[in-house]
Protein chains: 2
Amino acid sequence: MSPKNIDKLNCSIASALDIIGEGWTILILREAFFGSRRFEDFQKHLGIARNILTVRLNKLCDSGVLVRVPIKVGAKRNEYRLTPMGSDLAVILIGLTQWGDRWLNPTQGAPVTFIERATGKAVADIAIFTRDGKKLKPRELAVKPGPGATAETIARLKLIPDVRRKKKKN
Amino acid sequence: MSPKNIDKLNCSIASALDIIGEGWTILILREAFFGSRRFEDFQKHLGIARNILTVRLNKLCDSGVLVRVPIKVGAKRNEYRLTPMGSDLAVILIGLTQWGDRWLNPTQGAPVTFIERATGKAVADIAIFTRDGKKLKPRELAVKPGPGATAETIARLKLIPDVRRKKKKN
DNA sequence: ATTTATTGGTTGCATTTTGCAACTGTTGCA
DNA sequence: TGCAACAGTTGCAAAATGCAACCAATAAAT
């Protein structure tokens, strides 16, 4: 991944990936969701190299996805906990899990299920809805430049209409 | 990322990441959602190295996320299109976009908006629901071993209860 | 029909990132 | 006080990525 490009892409996906797109990072977050808090927890469960884990945890803390909390007041050791910003990634984690379950793991059941804590019941498949509650299929989706779009982005999204390359202008 | 570990993690997130977790892959998919189909489209828009693009496109085709379709019957050149498996990643793409918009881009508006094609109206924020339609906050979520869980996974998920490390058994 | 430009790659080499294993200082606990 | 587990750091080897040049096939222009 080339950081120098990423800034220029004018896209929240790119900025998001700049934080959580590196190798291992999402798995680290998965462990955090699953209850890991301490360096050794992450290391043992993932088998990740310790130096890489250090770098990843630092980055996640710096960017506000995790917080480093001293284990006791004044202690030098600390644990890593999800911030609200980190917990807000649950959608992504669950989305990835469900996608993997659907397309990669169809035979043996899901290894892990996300449930509502209070009732123990599995959550629904994550889906895309309109603001008034209609579920959308992928085909019904489109993309348009938002308020923060650059000229380049706007030009790029012109590609979208289904029929292209019929003629070339300029 | 270490492939040799990934198999052993007994987790659909890991298998999903094995396919879409490498550098650039999600951005390539983003471009596909935005309308890119041909090698040069992806290359120009992302500024990705051409050899890496080749490798990524091959992998995405091999794993069924994209299909290679000849431009004309019998042509050797082809375009890359999202399969249903690929389109099903819309949730992830939109989720990442919205997360980036919320936490990384709050001042200037979203560069890109996902809309319902028919009406042009922006889609709702992706959220987690119970099967009977109640929206869940991250705090209300938990995780439990699914039907395909290994013994190791089951042991791992024991960590979850909020208070830990009170005592150590065994 | 021939030339030219564009497209869709491949190849080789430099740079960067990651993995691995050993080492160091710190803490918790008996 | 001593020992084991914890939380990293360091140095080097291996793998992934970036870059630029090159090549063959196709499409467009003359």
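**Entry 1: ground rules**

I number residues from 1 along each chain as its sequence is written, and chains are lettered from A, with ligands numbered from 1, in the order in which they are written. Because the model is predicted, local features need pLDDT of at least 70 and side-chain atom pairs count only at pLDDT 80 or more, while totals for chains, interfaces and linings use all residues; side-chain values use heavy atoms, with hydrogens and water left out.

**Entry 2: chain A as a whole**

I started with the secondary structure of chain A and found eight helices and six strands. Helices here are DSSP runs of H or I with at least four residues, strands are runs of E with at least two, and both are numbered from the N terminus. Reading from the N terminus, I noted the order α-α-α-α-α-β-β-α-α-β-β-β-β-α.

Next I looked up burial. Of the 170 residues in chain A, 51% are buried. Buried means under 20% relative accessible area, exposed means over 50%, and partly exposed lies in between (1.4 Å probe, protein chains only). Chain A exposes about 8900 Å², and carbon and sulfur atoms supply 54% of that. These accessible areas come from the Shrake-Rupley method with a 1.4 Å probe; for residues, only the protein chains shown count as cover.

**Entry 3: the core**

Which residues have the most contacts inside the largest nonpolar core? I wrote down A:Ile28, A:Leu96, A:Ile128, B:Ile28, B:Leu96 and B:Ile128, in a core of 87 residues. Such a core is a set of buried Ala, Val, Leu, Ile, Met, Phe, Trp, Tyr and Cys residues joined through side-chain atoms within 4.5 Å. In soluble globular proteins, nonpolar side chains tend to be buried together.

I then picked B:Ile28 and listed what it touches, leaving out residues up to four places away in sequence: B:Phe42, B:Leu46, B:Ile48, B:Leu53, B:Arg56, B:Leu57 and B:Leu60. Contact means heavy atoms within 4.5 Å.

In chain A, the buried residues of H4 are A:Asp41, A:Phe42, A:Gln43, A:His45 and A:Leu46. After H4(A) comes A:Gly47, with a positive phi near 70°.

Is A:Glu31 buried or exposed? I found it buried, with a relative accessible area of 0%. A:Glu31 sits in helix H3 (residues 25–34) of chain A. Leaving out residues up to four places away in sequence, A:Glu31 touches A:Ser36, A:Phe42, A:His45, A:Leu46 and, from chain B, B:Arg156.

**Entry 4: where the chains meet**

I counted 96 residues of chain A in contact with 96 residues of chain B. The two chains bury about 8600 Å² between them, 64% of it on carbon and sulfur atoms. Buried area is the accessible area (1.4 Å probe) that two parts lose on being put together, summed over both. In chain A, A:Ile13, A:Trp99 and A:Arg117 lose the most area to chain B, together 8% of what that side buries.

The rule finds four salt bridges across this interface. A salt bridge is a side-chain nitrogen of Lys or Arg within 4 Å of a carboxyl oxygen of Asp or Glu. One pairs B:Asp88 with A:Arg102, with the closest N and O atoms 2.9 Å apart. Helix H7 (residues 90–103) of chain A gives the largest share of the side that touches chain B, 13 residues.

I also looked up B:Lys134 and A:Glu116, whose side chains meet in a salt bridge (2.7 Å, N to O). B:Lys134 lies in the loop between strands S4 (128–129) and S5 (135–136) of chain B and A:Glu116 in strand S3 (residues 112–116) of chain A, so the pair joins two chains. B:Lys134 is partly exposed at 42% relative accessible area, whereas A:Glu116 counts as buried at 5%.

**Entry 5: a salt bridge within chain A**

A:Glu22 and A:Lys59 form one of them (3.5 Å, N to O). This pair links distant parts of the chain, 37 residues apart. Both are partly exposed: A:Glu22 at 30% and A:Lys59 at 28%.
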